[in-house]
Number of protein chains: 2
Amino acid sequence: MMEKRVYNFSPGPAVLPLPVLQEAQRDLVCLPGAGASILEISHRSKTFDKIITQAEANLRALLEIPANYRVLFLQGGAILQFGMVAMNLLRDSGRPANYLVHGTWSQKASEEAKTQGPVNVAWSGKASNFNRVPKPGEPKLDPRGAYVYMCSNETIQGVQYPTEPETAGLPLICDSSSDLLCRPVDIAKYALVFACAQKNAGPAGVTIVIIRDDLLACSPANLPSLVNYKVLAEGKSLLNTPATFAIYIVKLVTDWLIQQIGGLRQMHALNQRKAKILYDVIDGSAGFYQGHAEPWCRSIMNVPFRLAKPEQDEPFLKQAAERGLCELKGHRSVGGCRASIYNAMPIEGVQRLADFMQEFCKKNQ
Amino acid sequence: MMEKRVYNFSPGPAVLPLPVLQEAQRDLVCLPGAGASILEISHRSKTFDKIITQAEANLRALLEIPANYRVLFLQGGAILQFGMVAMNLLRDSGRPANYLVHGTWSQKASEEAKTQGPVNVAWSGKASNFNRVPKPGEPKLDPRGAYVYMCSNETIQGVQYPTEPETAGLPLICDSSSDLLCRPVDIAKYALVFACAQKNAGPAGVTIVIIRDDLLACSPANLPSLVNYKVLAEGKSLLNTPATFAIYIVKLVTDWLIQQIGGLRQMHALNQRKAKILYDVIDGSAGFYQGHAEPWCRSIMNVPFRLAKPEQDEPFLKQAAERGLCELKGHRSVGGCRASIYNAMPIEGVQRLADFMQEFCKKNQ
């Protein structure tokens, strides 16, 4: 099996740690002690209770989540959260919401919010093609705002906040889908952080929501249960059947982060090394490869780049795939190339990509 | 591995066909031709496109779904559908909705709908402890209603419609979570059918929605995308990352239904045989075991029963488990026992349960 696996640079669903896949495979027909597959056991069984409890405990340990935050495992992906944030916190608030728009996903979130209430685009990077996040002092926040919204890492443009933006005391809401668990983060600076799992935390199908207790009081009573943070939090992720298998994989991935990697400080150092390998090749290519983001805010998770001659995109991607370096095509909305190098991408894969990039540059310069 | 597996009578997540689990296990680390796990591949890859296309084609073939219906693979389970039905079809309609309430799930759905608009409970079985569905002529439908809502099989009470209720021409909405794919069904009688997968169709985490084209025009523009049927249908289940692994399992389960079982007529005949084995034991026990539903509408999927002496529940469940007959405890809201005998429960498991029930009855009468 092993030799058939490629280096998968997909932006998500994305590469998972091999030991996680191997454990899931070993136990797929019969989870030890359960007499049945993880796919078949009740979400209210003792076996599953242990799994979801451990998944939450792992996240709390890794992210040092304060006790006054709930951890929820929901469905629907980040885009359902775009809607839920606005339905719960904007719609009946009588206030506008501040959105920082610095890429495809924060823009999409602001559009979803507009269906529920007034949106103040406090800063937009559209004019510079979303190549950076705002600098301190740039956002024009409405001080009456219900909240400030950001996306900590824009998967498509490859821009990432080096640190949290100022909010003038307003609650900070963060889509951290493509960088949660890539580095330590001070959860206390946020009112709500959400992340779909299929980048660093698991497979598609589960979304992690970390929400501060006091925010739950905002949820209007006229919201159906499954989009109501208050009701979902009261149900402790078990209001109805959650995505049991996906949560099981989140448990295995966070086990791996703790036991094999040693925690988020170690993971961050490794991610920085991986990203530097690629950015060094881009920066040292005399313009053959061109990055997208301004260096001070470029992402350590998603590295988009273009070849100076667009007609070389296709041979580049083809030759890369022949070497087992796959899913390097840029997002259909922007083109070019992109290497997503999430936690589970081994440094060997990144090094092999860097070597190929240098080889291709030499041959085609 | 095999000898460790029990007969799992869980109401859901529930038993899956063993060949499905074995194929998923074999390919979990590396899906043939993909170079990566099904958990790691892009939802926009050719490999996944084939999987979701085949899953839909299988459902269309098995259920003979007419061409003017969309098939969507959504997240959030049935309870999100309770809310979405009302958000899309009731909230801005200026009309009430008719609910047929004949068990825990139809009642819950009617409560969720009340958050969005006026609900006419057209019939309620509460007075008789939800032991049957309405008979023709009993429901008092509001003819101005936006729709008529039913649950084709009540998982907890074990009541199932023998045939569709009359709707006086109003659109019929059906929660078929625990009996979709158990028998042929005339989809053309419904405007919308939904079912979470974790009973007959796959694992938890994906919900199948079959919706007639003309209903899409009802969705209000001020609904966030992920709860808006129109937007979801336009996105063809790929508006954002769907639950890729769960959809893959739905594909394998429906492959199994077509290739191993031969279709829904064959599946129905087998399910009727399985159910008859258990009901015969209950009916022939001279009151030692007591069923819940009236015989004309009892479910072939969920068989709830009580022991005449409630103090025998615990030894019954304990001795059953010792024989590998597991998850027979009734729902926490009603107590007693329940055997869920979905498509994937082999007839041998049902026979073994029947044998044990007779043995226990003889010893403890």
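Student: Which element gives the most to the lining of the largest cavity?

Tutor: H3(B) does, with three residues. The model is predicted, so local features need pLDDT of at least 70 and side-chain atom pairs 80 or more, while totals for chains, interfaces and linings use all residues. Residues count from 1 along each chain as written, chains are lettered from A and ligands numbered from 1 in written order, and side-chain values use heavy atoms, without hydrogens or water.

Student: How much space lies in the largest cavity?

Tutor: About 130 Å³. A cavity is a set of 1 Å grid points where a 1.4 Å probe fits but cannot get out; lining residues have an atom within 4 Å of a point. Volume is the space filled by the probe spheres.

Student: Which residues are closest to the centre of the largest cavity?

Tutor: Leu74(B), Gln75(B), Leu226(B), Leu232(B) and Asn240(B), out of 16 lining residues. Strand E2 (69-74) and helix H3 (77-89) of chain B each give two or more residues to that lining.

Student: How many cavities of 30 Å³ or more does the search find?

Tutor: Six, over the whole structure.

Student: Switching to H8(A). Which residues are buried?

Tutor: Asp313(A), Phe316(A), Leu317(A) and Ala320(A). Buried is under 20% relative accessible area, exposed over 50% (1.4 Å probe, protein chains only).

Student: Why are they on the same side of H8(A)?

Tutor: Because they cover an arc of only 95 degrees around the axis. That arc is taken from the directions from the axis to the C-beta atoms.

Student: Which exposed residues does the face turned away from the buried side carry?

Tutor: Glu314(A), Lys318(A) and Glu322(A). Just after H8(A), Gly324(A) takes a positive phi of about 80 degrees.

Student: Now Asn343(A). Where is its place?

Tutor: In the loop between E14 and H9 of chain A.

Student: Is Asn343(A) buried or exposed?

Tutor: Buried, at a relative accessible area of 4%.

Student: What is Asn343(A) in contact with, leaving aside neighbours within four places in sequence?

Tutor: Its contacts (heavy atoms within 4.5 Å) include Leu181(A), Cys182(A), Asn200(A), Trp256(A) and Lys274(A). Asn271(A) and Met301(A) are also among them.

Student: How far apart are Asn343(A) and Ile247(A)?

Tutor: 18 Å in space, C-alpha to C-alpha, and 96 residues in sequence.

Key:
Helices (H or I, at least four residues) and strands (E, at least two) are DSSP runs, numbered from the N terminus. On a 1 Å grid over the protein atoms alone, a cavity is a set of points where a 1.4 Å probe fits but cannot get out, and a pocket is an open set with protein on both sides within 12 Å along at least five of seven lines; lining residues have an atom within 4 Å of a point.
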